[in-house]
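Open the model in your viewer and keep the selection tool ready. The stops below go one at a time.

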Amino acid sequence: MYDILIVGAGIVGCFLAHDLSKKELKVAVFDREADVANKATMANSAIIHSGHDPLDNTLKAKLNVRGNEMYESICKDLGVSFKRTSAFVAATSMEEEDTLDMLYQQTKNRNIPVMYLTKEEAIKKEPNLSDHVTKVIELPTTGIVYPWEVAIALAEEASENNVDFYLNEQVEKIKKTQKGFEVITSKGNYEAKIIINAAGVCSDKIYGKVSSKVDFEITPRKGEYFVLDKLKKPLVSRVIYPVPSSAGKGVLVVPTTHGNVLLGPNSEMVDSGELNNNTKDSLDYVKKEIHKTVKNIPMDKVIHSFAGVRPTSTRHDFIIEEAKDVTDFINVAGIESPGLASAPAISEYVINEILSKKIRMNEKNMYTKRRPNIKLKEMTEEEKNELVKKNPAFGKIVCRCEQITEGEIIDAIRRPLGATTVKGIKKRVRPGMGRCQGGFCEPLVVDILARERKISPLEVRLDGDNSVMLMEETKE
Amino acid sequence: MKEYEIVIIGGGSAGLASAIEAYKNGCKSILILERDKELGGILLQCIHNGFGLHMFSEELSGPAYAERYIEQLKELGIEYKVNSMVIHLSKDKIIQYVNPTEGYVSVKAKAVILAMGCRERTRGAIAIPGYRPSGIWTAGTAQRYLNMEGYLVGKRVFILGSGDIGLIMARRMTLEGAKVCGVAELMPYSNGLPRNIKQCLEDFDIPLYLSHTITNIKGKDRINSLVIAQVDDKLCPIKGTEKEFEVDTLLLSVGLIPENGLSEEADILLHEKTKGAIVNESYETSVEGIFACGNVLHVHDLVDYVSSEGMKAGRAAAKYMKGELTQKEGFQTEGKDGIGYVLPHKVNVDNVEDKIECMFRVTGIYKKAVIRVYKDGNLFKTIKKQHMAPAEMEKLILKKEEIEDIKSVLSIEAGYE
């Protein structure tokens, strides 16, 4: 019997698992995906927004501001990247300037640092700002993270501290029982006292498994992006937002923690959270809109495009509450933007405002910190050579574009909750994220995965069980 | 820090030829750095025949062609290191590499030859719409899986792009029992060599859809079908022309890009069209003493031409070491109407021995056409050409005495009489 069973191993599920792993509780996390952080957490703008944008008196506004305050120390603690880059919101017309003024006031009212810049000051800071920009506000507390790195680190540490992760396992039925819940998955039966529904685009369906009075609906919104190669001279050093409209925050230019740039997203209602395909119309739209705020964008340096689906709900705010009709079933749903930025505060809110009133939460005496990743790129030459002497695999570069060694890949596999798929390795140590998109390194990664997991290369998967890669052996 | 006269980055066809030629021209302190576990580069996965017709007057497989150079290199005792990835290059010619036995090492060179080859353009670079499932590879990656690792990546295959690697893989996968459903090419003409169209597609009844592109990829785990459509003269898909193919694999052969990450780090100027370094008659880049050759400089059609260019760069680097290269700006070359680029981009006549070979590509198909050569804007020569295509590199040989009087620019133009 689990005390708490979390459905969904995205950024919210991982924060909750991590934070609850510090308590004397038996906790499990279920996800139908092959890896944690595989859906919305894998495909978003990767920004820790300041909290300037959500409407007043929403959970979004409250938890975004709090989340932004929390992120830096959490990332430091986990040994993952966080960069407080700052951000511009750039107006390009009189009408937009009016909206910008309102946004400035709203931001001020929330005690979030914000300042007006003259066009000259703005261009001095961001030389590639478009000539169409007429007025700018700067939001210095805005930051960026590597979203799945954060989620994976949280999950690893949770796993080290006895949280059970069940991946590749779909929740099929949930029954309310005398003692709590019985959960039937594609692989087994489990019992839990409390269920937290953090199932992203599926959260209405998961709720529907235990209730006939589901009081919200997920209306998924897809966003598409381009990724730019690392440039010799950075295109931007801050997040550049256009002035927001009813359609959302607009098409952004976002520097990433690894020196790439994201361009996007658009915003399109789709019928299902599964529809994360790219379309020509959407990519063309991003391509057109992106020049509104930034110039000199080298579109010939695009190395990838992707789409993510946000779990927008019919309530247009985060839904964080115990289900009205099912005791001990807690919905954490509709976590669209600023979900990533709010995630640590969402977890804090769920624990303090809901769980603490339901279950005793004693701190564990023994808590194991996660071992930070070995990041050769951040070491001195001497440190690297020490490492190679001990283990020559750290002298064998597998991925040329991102300069990733075989040693780092093996470590990603052997860690707690380690990578089991090619995508899992790509998420943890980045071979395949660079300009050749895995063209050179993928065969080597497949080989290492097969060797480490003691399986045939034919059994290696890109991601889920059905994402077969190699089809048959030809050598005798 | 250990010092070498010449450090060559890359032990493929360009690097091998340049090392041997530099050695023969008097340079004995040479180091080749190769990232893979053996010398030979991409030749090692090209097990089909057709290499060496120009160099050796016989048809060799890729590995056999590479072996000729590797043997010679070993006989000469030229130093090389495998499993050694160069991670930094500075303009004062300090090279940092890493391998499992030595760790991270920096060496200094008097001259550097860039011979890193190229990479394949990916799905990401051309933003093909649709899902992002398993089953999509560049043709070269599928070739490596098949010819070096021994695994077939799929059974029902479609190929986007008519580049040579895609064509070769169409035949190779057919011979391995896969069904290749078709090849789509965005342009109205093929981007592969005519002999490959004949031998790899026509001989196997594989349809080639010219002026077509992929408009959708379906399948969330593994690709299960794709849609192609005809494109208009602005290369935009035409509604209503869609055709769907049930496939489990998509291979991409949509172009090669010179691999110049290191060159950019060393502040070497790159050419907008070739995406390789801007070089002079000696294959020297904008940074004195750093030379470039092979596919890192511009993408070639035949390995024989890569070897030949490697030899020229090796010879020039040896001359540089001996102080026999004079540093002078010289005149520029330019491609006018119908010409994509001309290489070398600059010529200092003092360093030209008896003749200069200008390589260029046309931007469209030309039949019964002419090439016009201008010296400082004045027509100097008209050469008849039966057939020219972007997929076939053209060569113009000019004698030293023909170019000595050029003051600022040598221009080449394609057209009709």
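**Stop 1: the cores**

Start with Leu114(B) and Phe291(B): they have the most contacts inside the largest nonpolar core, which has 146 residues. Now select helix H8 of chain B, residues 303–321; eight residues of this core come from it, the largest share. This is a predicted model. Its scores are ipTM 0.95 and pTM 0.96. Chain B averages a pLDDT of 97, and 100% of its residues score at least 70.

Zoom in on Phe291(B). What does Phe291(B) touch, leaving aside residues up to four places away in sequence? Its contacts are Ala111(B), Ile113(B), Leu114(B), Tyr283(B), Glu284(B), Thr285(B), Ala313(B), Ala316(B) and Ala317(B). A second, separate core has 121 residues, and Val236(A), Val294(A), Phe306(A) and Ile335(A) are among them. In soluble globular proteins, nonpolar side chains tend to be buried together.

**Stop 2: the domains of chain B**

Colour chain B by its domain assignment. Domain 1 takes 1–119 + 255–325, domain 2 takes 122–254 and domain 3 takes 329–417. The C-alpha centres of domains 1 and 3 of chain B are 26 Å apart. Where these two domains of chain B meet, 13 residues of domain 1 contact 15 residues of domain 3. On the domain 1 side, four residues are nonpolar, six polar and three charged.

Next, select residues 4–300 of chain B. An unreviewed UniProt entry annotates them as "domain: FAD/NAD(P)-binding". The span is 23% helix and 31% strand, with its end C-alpha atoms 29 Å apart.

**Stop 3: where the chains meet**

Show both chains. The contact involves 42 residues of chain A and 41 residues of chain B. On chain A, helix H7 (280–289), strand S18 (302–310), helix H9 (381–390), helix H12 (442–453) and strand S23 (472–473) each give at least two residues to the side that touches chain B. That side of chain A has 16 nonpolar, 14 polar and twelve charged residues.

**Stop 4: helix H11 of chain A**

Select residues 397–451 of chain A, listed by UniProt (unreviewed entry) as "domain: BFD-like [2Fe-2S]-binding". This span is 49% helix and 9% strand, and its end C-alpha atoms lie 17 Å apart.

The buried set includes Lys423(A), Lys426(A), Lys427(A) and Arg428(A). Packed against the buried residues of H11(A) are helix H5 (147–160), strand S22 (404–405), helix H10 (406–414) and H12 of chain A. Step past the end of H11(A) to Arg430(A), where phi is positive, near 80°.

**Stop 5: backbone details**

Go to Gly264(A) and Pro265(A), which are joined by a cis peptide bond with omega about 0°. Pro265(A) sits in the loop between strands S16 (261–264) and S17 (268–269) of chain A. Another cis peptide bond links Ser337(A) and Pro338(A), with omega about 5°. Look for Pro338(A) in the loop between strand S20 (329–333) and helix H8 (339–354) of chain A.

Switch to chain B. Ser57(B) is not a glycine, yet its phi is positive, about 55°. Ser57(B) lies in the loop between strands S3 (49–51) and S4 (60–61) of chain B. Is Ser57(B) buried or exposed? It counts as exposed, because it has 7 C-beta neighbours inside 10 Å. Finish at Lys368(B), in strand S25 (residues 366–375) of chain B. Its phi is positive too, near 45°. Lys368(B) is exposed, with 10 other C-beta atoms within 10 Å.

Definitions and conventions. Residues are numbered from 1 along each chain as its sequence is written. Chains are lettered from A and ligands numbered from 1 in the order in which they are written. UniProt positions are given in the numbering used here, feature names are shortened, and annotations may be inferred rather than shown by experiment. Helices (H or I, at least four residues) and strands (E, at least two) are DSSP runs, numbered from the N terminus. Domain bounds come from an automatic or database domain assignment. Two residues are in contact if their C-beta atoms, placed from the backbone, lie within 7 Å. Ala, Val, Leu, Ile, Met, Phe, Trp, Tyr, Cys and Pro count as nonpolar, Asp, Glu, Lys and Arg as charged, and the others, Gly among them, as polar. pLDDT is the predictor's confidence in each residue, from 0 to 100. A nonpolar core is a set of buried Ala, Val, Leu, Ile, Met, Phe, Trp, Tyr and Cys residues joined through C-beta atoms within 7 Å. A residue is buried if 20 or more other C-beta atoms lie within 10 Å of its own, exposed if 12 or fewer, and partly exposed in between; C-beta atoms are placed from the backbone.
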